[in-house]
Amino acid sequence: MTLVKPDVLFDEAQIARRVGELGREIGQSFAGNDLCVVGLMKSCLIFMADLVRKIPLDLTCHFVVASSLREQGAGSVRTAIVYSTEIPYEGRDILLLDDVIDTGITLSFLLDHIREHNPRSLRVCALIDKPGERKIDVHPDWAAFTLPEPMGERFLVGYGLDHAESYRGLPYIGTIPRPFPAPEGRTIGISRGGAGKGT
């Protein structure tokens with residue numbers, strides 16, 4: 001696959017500044033609490049690694065992977081937890097890290113899943129929030145960056161965000177032309193490895 005050079009949307013300095021700000025804000029909000037950070041893999045991996053080092057608290061880190069199957073044309077989405085560590089949610093203060101929140105479908109599913117385990121508190125921090133594409137009324141408590149308008153034919157990559165597993169290692173967040181969708185009626189697997197995938 002020939003890679004397209006992304007247009008820079010948020011550069012390294014902007015990302016570092018926002019991650020530092022988020023770390024301080026989250027540290028103040030959870031001060032004195034037993035914080036459990038849960039990262040939604042794979043795309044939030046780099047964001048998570050940087051953020052936990054900026055939160056001035058002792059904390060534990062855990063990982064979860066969610067996968068969705070969507071029937072093109074029918075518009076139906078089925079979401080499932082396909083991998084998680086043994087996460088001790090009960091009685092803990094949980095910070096769920098997400099990469100890109102757009103439709104809210106996957107996030108809503110994960111929040112319901114975690115609440116079933118009776119955490120003491122549950123908050124969400126996203127790398128990118130795209131409220132203009134929301135289909136379910138869920139909102140992060142923090143977001144590094146907010147894109148209020150739909151991106152149309154652009155697709156987010158870099159800083160952990162991928163297209164077909166490429167671009168993750170870029171030190172900035174950029175955009176490329178949106179890849180062509182699957183043919184009408186085809187069932188496609190969607191894992192939380194990239195951005196802009198109905199999450």
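**Loops, core and pairs**

Modeller: K42 lies in the loop between β2 (35-40) and α2 (45-52); helices (H or I, at least four residues) and strands (E, at least two) are DSSP runs, numbered from the N terminus. Before going on, note that this is a predicted model, where local features need pLDDT of at least 70 and side-chain atom pairs count only at pLDDT 80 or more, while totals for chains, interfaces and linings use all residues. Residues are numbered from 1 along each chain as its sequence is written, and side-chain values use heavy atoms, with hydrogens and water left out.

Biologist: Is the peptide bond from M41 to K42 cis or trans?

Modeller: That bond is cis, with omega near 5°.

Biologist: And what is K42 linked to in the network of salt bridges?

Modeller: K42 is in a network with D162, E165 and R168. A salt bridge here is a side-chain nitrogen of Lys or Arg within 4 Å of a carboxyl oxygen of Asp or Glu.

Biologist: Where is Y159, and what is its phi?

Modeller: Y159 is found in the loop between β8 (154-157) and β9 (173-177). Its phi is positive, about 55°, although Y159 is not a glycine. Y159 counts as buried because its relative accessibility is 5%; buried means under 20% relative accessible area, exposed over 50%, and partly exposed in between (1.4 Å probe, protein chains only).

Biologist: What about Y167, buried or exposed?

Modeller: Y167 counts as buried, at 11% relative accessibility. Y167 is found in the loop between β8 and β9, and its phi is near 80°, a positive value in a residue other than glycine.

Biologist: New topic. How many residues are in the largest nonpolar core?

Modeller: The largest nonpolar core has 32 residues. Such a core is a set of buried Ala, Val, Leu, Ile, Met, Phe, Trp, Tyr and Cys residues joined through side-chain atoms within 4.5 Å. Those with the most contacts inside this core are I26, L51, L95, C125, I128 and I173.

Biologist: Which elements supply at least two residues of this core?

Modeller: α1 (12-29), β2, α2, β3 (59-71), β5 (93-101), β6 (121-129) and β7 (142-146) each do.

Biologist: What does L51 touch?

Modeller: Not counting residues up to four places away in sequence, L51 touches V19, L22, G23, I26, L97 and C125. Contact means heavy atoms within 4.5 Å. There is also a second, separate core of 18 residues, which includes C36, V38, L111 and L122.

Biologist: How many aromatic pairs does the structure hold?

Modeller: The structure holds two. Rings of Phe, Tyr and Trp (its six-membered ring) pair if their centres lie within 6.5 Å; planes under 30 degrees apart count as stacked, over 60 as edge-to-face and the rest as tilted. The rings of F10 and F145 are stacked, because their centres are 3.8 Å apart and their planes are at 15°. F10 is in strand β1 (residues 7-10) and F145 in strand β7, so this pair ties together parts that are 135 residues apart in sequence.

Biologist: And how is the pair of F30 and W142 arranged?

Modeller: That pair is tilted, at 6.2 Å centre to centre and 45° between the planes. F30 lies in the loop between α1 and β2 and W142 in strand β7, so the pair ties together parts that are 112 residues apart in sequence. Both F30 and W142 are buried. R123 lies over the face of F30, at 5.3 Å from the ring centre; a charge sits over a ring if NZ of Lys or CZ of Arg is within 6 Å of the ring centre and within 35 degrees of the ring normal.

Biologist: Back to charges. How many salt bridges are there in the whole structure?

Modeller: A search finds 11. One of them joins R92 and D34, with the closest N and O atoms 2.8 Å apart. R92 lies in the loop between β4 (76-84) and β5, and D34 in the loop between α1 and β2, so the pair ties together parts 58 residues apart in sequence. R92 is buried, with a relative accessible area of 11%, whereas D34 counts as partly exposed at 41%.

Biologist: Which residue does E21 meet in a salt bridge?

Modeller: E21 meets R18, at 2.6 Å from N to O. E21 and R18 are three residues apart in helix α1, so about one helical turn separates them.
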